[in-house]
Amino acid sequence: MQILEIEDLNSGYGKVDVLLDITFSMKAGQCFGIVGPNGVGKSTLLQTIAGAIKPKSGSIKLLGNEISGRNPEDIVRSGLALVPEGRQIFGGLTVMENLQLGLTGRADKKTSHQAIEHVAELFPVITTHSKQQAGLLSGGQQQQLAIARALITDPKVLLLDEPSLGLAPNIINNLFSNLKRILEAGTTLLIVEQRANLVTKFADEILILREGLIQDRLNKIDAQDENKLKKAYFGLGANE
Amino acid sequence: MFAKSWVKGLTRFSFTEIFIPLIIVAGSSLWLSGRSTSLLLFIKFTLCYLMMVLSLQVFVGNSGVLSFGHGSFAMVGAFVSGLATAPLVIKQHAMSLSNLWQPLVDFKLNLGMSLLASAIAGGVFAALTGGFLMRLNGLAAGIATFALLGITYNILFNNNHIGPSNQALPGVSQFSSLTLPLVLVLLAMVLVYFYNLSRLGRTLRATREDNMASRGLGINIVRVRWMSFMFSGLLAGLAGAMYAHVGGAVQVQDYYLGFTFFTLAMLIVGGSASLWGAVLGTIVVSGVSQILLMWEQSTPVLGVTIHLPIGTRAIVIAGMLVVILLWRPNGISNGNEFKLPNFLSKIKVS
Amino acid sequence: MIQTILNALSLGGTYALASLGLGLVFGVMRLVNFAYSELITIAAYTLVMTNQLPIMVSFLFSVVVTSLAAVLMELLIYRRLRGAAPAIMLVASFGLSKLLQQVYELCFGALPRSASIAPWMSGELKFAGVSITNASLITAILTIVLLLAMRYLLNKTSFGIQLKAASADFRTARLLGVRANHLISLAFVMSGVLAAFVGAILVVGNPQVEPMFGMNMTILALVGIVIGGISSLPGSALGGFIVGVILSLLNTWLGNGRVYSYSWLFAAVFIILLVRPGGLLSKGQEMERV
Ligand SMILES: Nc1ncnc2c1ncn2[C@@H]1O[C@H](COP(=O)(O)OP(=O)(O)O)[C@@H](O)[C@H]1O
Ligand SMILES: [Mg+2]
C-alpha cells in the first residue's frame, strides 16, 4: 500500500522555483534516502511535504488523502512528522517541555503517557535529563530529543533532515541504530543525508536530487556500489 | 568621483517623473487657493504637510527604517522659527514666556532667515541624535525614534525657559502669500527627487533590500543612513517652521502624536518608496480630509453636501491607512515614480 | 514611607501586567500592538458606563468586552498582516490605535466620562501607625496574584509551553502541532484580559476616562518590554515592573522636576537599546532578526 505519494511537485521561495517536478511514492514501512549537493533543495522538499512551505503546484498524498496546501499543524496530526535540519529544539524549555510540545501534535491524547515511556526506552536522555534546559544538552542528546519529540506525535511517516549533522562518528552510529529500530517498528522513514554511505546501508531506495528534479533512483544493491552512487550523484549518467 | 556618481544618477532621470508632480502641485495650489480664503489656508497647511512627508520619504522611504521621531525635528524647527519672529512685546509680556531665557528674548531674525535657521536646527538635531539612532535596526530603531519624540515633547512641553511650554506662542510672523511656501516645497521636491536618484539614495535603498549583503559590499550602513537622516531632519525642521508661519503661532502639541500619525499616514497611503508616492499620499489624504471637514461643517463640496458627524474625518483617515496597509502595502503609487498612463505616452510617441 | 514603597510596588506591578499583555502578543506574532492602549481604554469605559451594576458584575462585563475587542482586532486586522514586515505591522497598529480613539470620541465624546467606582477604595487603612489607601493595598495584592497566576500559566500549562515555544520559533512549533490560529487568538484573549485588569486598576486611581486614557500606560509599558527584553515574557514583565518602580520613585524624589521623569525613562531606553538591542534579559541580538 502506498503511504506517501508525491506527484509533479513544484515548490520554492517567492518567484524562485527550487523544486521543479518531483514525483515518487513510498510503501508503508519503507525507508528512502535523499542525497544531493548542498543547496539543491533537499530541505525545501521535506519542509514542503511537512507543510511549512506551501507548494506551488502538484500533489502530496498521505494514506491516499491530499495534504498539499494544508497547515503543518494539521499535517502532523494526520501522521507525518519532520525532524528539521539543525534539530531546532527549544533551548529555553526543559527536555520534558519539549516533549510535551510534541504531544500537541498527537491525534490520540489518551495514550500520551505510554508514548513518553515508549520513546524514553529508545532515548534514555529523556528520563535522565527531563528537567534540564534543552539548550544545555550535548549535540547528540539534542538530536535524540528532536527525534523523540517528533516520534511522540505518533507519526506513520517520519522525515529527517540531515540528522548526522555536527555529530561525532560513534554518536552517529548510535543514532542510526536507533533509526533502524524505529523503522523496524513499522514507521516509514524519509532521510536526507549528505553522507550517503550512512543511509545506503538500510534504505530501500536512494533518490538523487539535482537541478530541481529527481535525477536518479538507486535500489539498495546499486546504492551500496560506490561507483554507481558517485556517477549518479555527479550526474555522470548512462552516456558516460 | 562625486561628479561621476551624479551623472550616473542622472542617467535614470526621467523628465515626466519630476516635472508632472511639480506641475500638479503648483497648478492645484494656485488654482484652489484663488477660490476662497479658507481654501488658501488649506493649501498653505497642505504644503507644510507635503514638506514633512517629503522629509519622511527621504529617510523612511529610502532606508526602510520606520521613524516616529521626525516630529521632534519639526518641533525644534517651529520653536526656532517662532521665537525668532515673534515680536519683542509678546516675548516680554506673554504670561507663558515670563521665564524665557534672555538670549532667546533677544533672538530676532526676519522670516527668510528664520526659515533657514530652523532648517539648520532640524538638521543639526537629526545629526546629533542620528549618531545613536542609526546604529539600531528594525523594531529597536522604530521604538527608539518614538522615545526621541517622547523626550523632545516632554522637555518642550514642560520647560518654560526655552519656549512657551504647554501654551501657545502667539504673534509668529505669517507668510504674506502662497509664493514662498510653494517655492520652498517645489524646490524640496526637486532636491528629494535628485537625492533619491543619487548614489547616496540608491546605496541606502540597497541596504534596505539586504542588510547583510550591503555590509559585505563594504557599505557603511550607519554612515549612509545618517547622511539621509540629516537631510531629512533639515526638511522636517523647515516643515515645522512653515507650519508655524502658516498658523501664526507655535504650540508643541501640534507636532506630537496626531501630527506624526497624520504625516506617516500620508506617506504610507501614497507609498513610501517614491517622490510621487509622497506627493500623491499628501494630496489624497489632505484632500479627503478637507472634503470631510467641509461636510462635517455642512459646507457643500462641488455642490454636494452630506451632513457628517464631527470626528468622521479622523476615523476615515485612520481607516484609510489601515485598509491601504491590508490591500496595497506599497501604497497607491505602488512604490513607483510618476508614469504617464499608457495611452498618453503612446500618443506622445506617434 | 511605607506608602511610597507600596505605591512603587503596585505601580510596578501594574506596569508589569501591561507589559506582559503587550509581550504576549509580540511573542506570537512580532507585533508591537499600539492599539493595546485602546483595549485599556475600552475596559475603563465599560467600567464607568456600567457603574450602576455591582462592581464584580461590572468588572466581569469589562473583561468580556475587552477580550472580545482584542480577538476582533486580531481577526479583522492583524491576521491579514501576519508575516508582513514589522514596520508595516507597527504602522498598522498605530493606525488602528488612532482609529479606535476617534471611534471612542464619536461614541463617548472627547471630554472625560467619570463615575465614582467603588468609593470605599479611597478609604484608608491604619495599622501600627502607618496608613495606606485601600486602593493601593488592593492593587498590590491583585497584581501579585495576577503575576503569580501568569507565571503558573506560562510555566505549568500546555498553553504556556506552546506560547513560549511559539515566541521562540513559531515555524518549528507548528511542525509539532501547535495550532497557529488558536494560539494567537488565545494570546490576544489573554492580552485583553490583562488590559481589563490594567484598565480597572487605572480607573480606580483616576476615574476620568477619555479617548486617550490608555495611551500613557501603553507607551510606558512598551518602554518596559524594550528594557526587559522584547522577546522574553519574563523579561517583559520585569521591564514593566522596573519602569513602574522607577517612575514612581522619580515622581517622589524629583519634586518639581518630576515632569521630566518620562524623559529620563526614554533616555534609559536609548542607552539600553544601544548597549543591548534585545533588552536586558536577551541572550543575543534578537532585534536584528526582527
Ligand atoms: N528561506 C529561503 N528563502 C529563499 N531562498 C531559500 C530559502 N531557504 C533556502 N533557499 C534557497 O533554496 C535553495 C535550496 O535550499 P535547501 O532546500 O536548504 O537546500 P539543501 O537542503 O539541499 O541544502 C538554495 O538555493 C537556497 O539558497
Ligand atoms: Mg538542507
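# A walk through the three chains

Let's start at Arg179(C), which is partly exposed at 29% relative accessibility; that label covers everything between buried, under 20% relative accessible area, and exposed, over 50%, using a 1.4 Å probe and protein chains only. This is a predicted model, in which local features need pLDDT of at least 70 and side-chain atom pairs count only at pLDDT 80 or more, while totals for chains, interfaces and linings use all residues. Residues are numbered from 1 along each chain as its sequence is written, chains are lettered from A and ligands numbered from 1 in the order in which they are written, and side-chain values use heavy atoms, with hydrogens and water left out.

What does Arg179(C) form with Asp74(A)? The two residues make a salt bridge, with their closest N and O atoms 3.1 Å apart. A salt bridge here is a side-chain nitrogen of Lys or Arg within 4 Å of a carboxyl oxygen of Asp or Glu. Arg179(C) sits in the loop between helix H7 (170-175) and helix H8 (180-205) of chain C, while Asp74(A) belongs to helix H2 (residues 72-77) of chain A, so this pair joins two chains. Helices (H or I, at least four residues) and strands (E, at least two) are DSSP runs numbered from the N terminus. Asp74(A) is also partly exposed, at 23% relative accessibility.

Over all chains, the structure holds six salt bridges. Inside chain C, Glu74(C) pairs with Arg79(C), their closest N and O atoms being 3.1 Å apart. Glu74(C) also meets Arg82(C) in a salt bridge, at 3.0 Å from N to O. Glu74(C) is buried, at 0% relative accessibility, whereas Arg79(C) is partly exposed at 27% and Arg82(C) is partly exposed at 29%.

Now follow chain C across to chain B. Their contact, meaning heavy atoms within 4.5 Å, takes 39 residues from chain C and 40 residues from chain B. The size of an interface is often given as the accessible area lost when the parts come together. Here the two chains bury about 3500 Å² between them, 84% of it on carbon and sulfur atoms; the area is what the two parts lose on being put together (1.4 Å probe), summed over both. Val91(C), Phe94(C) and Phe270(C) supply 17% of the area that chain C buries against chain B, more than any other three residues.

How many salt bridges are counted between chain C and chain B? The count is zero. The interface does have three residue pairs in polar contact, both residues at pLDDT 80 or more. A polar contact is a pair of N or O atoms within 3.5 Å; within protein, one must be able to donate a hydrogen and the other to accept it, and residues adjacent in sequence count only if both atoms are side-chain atoms.

On the side of chain C that touches chain B, helix H4 (86-108), helix H9 (215-228), helix H11 (261-275) and helix H12 (286-289) each supply at least two residues. H4(C) gives the largest share, 13 residues. This side of chain C divides into 33 nonpolar, three polar and three charged residues, where Ala, Val, Leu, Ile, Met, Phe, Trp, Tyr, Cys and Pro count as nonpolar, Asp, Glu, Lys and Arg as charged, and the others, Gly among them, as polar.

In chain C, Thr143(C) lies in helix H5 (residues 134-156) and is buried at 2% relative accessible area. Its side chain reaches the backbone oxygen of Ala140(C) at 2.9 Å. Leaving aside residues up to four places away in sequence, Thr143(C) touches Ser10(C), Gly13(C), Thr14(C), Leu17(C) and Ile201(C).

In chain B, Ser333(B) lies in the loop between helix H15 (312-327) and helix H16 (342-349), and is buried at 8% relative accessibility. The side chain of Ser333(B) reaches the backbone oxygen of Gly270(B) at 2.8 Å. Beyond four places in sequence, Ser333(B) touches residues including Gly271(B), Ser274(B) and Trp276(B). Ser333(B) and Ala273(B) are 60 residues apart in sequence and 8.6 Å apart in space, C-alpha to C-alpha.

We finish in chain A, where Ser43(A) (OG) and Glu85(A) (OE) coordinate the magnesium ion (ligand 2) at 2.0 to 2.4 Å. Ser43(A) lies in helix H1 (residues 42-50) and Glu85(A) in the loop between strand S6 (80-83) and helix H3 (95-103), so the pair ties together parts of chain A that are 42 residues apart in sequence. Donors are N, O and S atoms within 2.8 Å of the metal (3.2 Å for Na, K and Ca), and water is not among the atoms, so sites may look incomplete. Glu85(A) is partly exposed, with a relative accessible area of 32%.
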